Amino acid sequence: MVYEENIIKIALYVACNDGVLSEEEESQLIKSCLRNFPSIDQKKIDFWIEKFFEEDLLLEDYCDKIAELEDRLTALNIATETASADGLELRENLALSRVMNYWDIPWEEITRA
C-alpha cells in the first residue's frame, strides 16, 4: 500500500502546482485512485491527502519512492487526470514537467499508458 500512497502524493504535488487543490481536482483524484486501486477505500485516500498537506517534502523525495516504470506511468496518468480536472493546460504545469524530466518520461509515453 505504500506505493499507492506515493503515487497519490505525486498526483497531489502536480495538481497543487497552481497553489491550490480545487474541488474538481480532489474529486477527480479520488475517482482516479479508486479506479486504479480498487482495494483502497476513500477514507484512506482522504487520510493521505490530509497527510500530504502536513508534510514538507520536495517533489524529488516523492519521485524517488516510485521505482517501477509501470508505477511511474500510473502516477503520471492519475496526475494528469487530476491536474486537468479544473481546465488548466497540462503542458504549462511546471511540477508535471519536473516529474517527467526527473523520470525521463516523454509526453508520448504518458498518452500511450
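F53 counts as partly exposed, at 48% relative accessibility, where buried means under 20% relative accessible area, exposed over 50% and partly exposed in between (1.4 Å probe, protein chains only). The model is predicted: local features need pLDDT of at least 70, side-chain atom pairs count only at pLDDT 80 or more, and totals for chains, interfaces and linings use all residues. Residues are numbered from 1 along each chain as its sequence is written, and side-chain values use heavy atoms, with hydrogens and water left out.

Five aromatic pairs are found in a search of the whole structure. Rings of Phe, Tyr and Trp (its six-membered ring) pair if their centres lie within 6.5 Å; planes under 30 degrees apart count as stacked, over 60 as edge-to-face and the rest as tilted. The pair of F52 and F53 is edge-to-face, with 5.1 Å centre to centre and 80° between the planes. F52 counts as buried, at 9% relative accessibility. The ring centres of F52 and Y62 are 5.8 Å apart and their planes lie at 40°, so this pair is tilted. Y62, at 1% relative accessibility, is also buried. Ring pairs link Y13, F52, F53 and Y62 into a cluster.

Not counting residues up to four places away in sequence, W103 touches I10, C63, I66, R72, A75 and L76, contact meaning heavy atoms within 4.5 Å.
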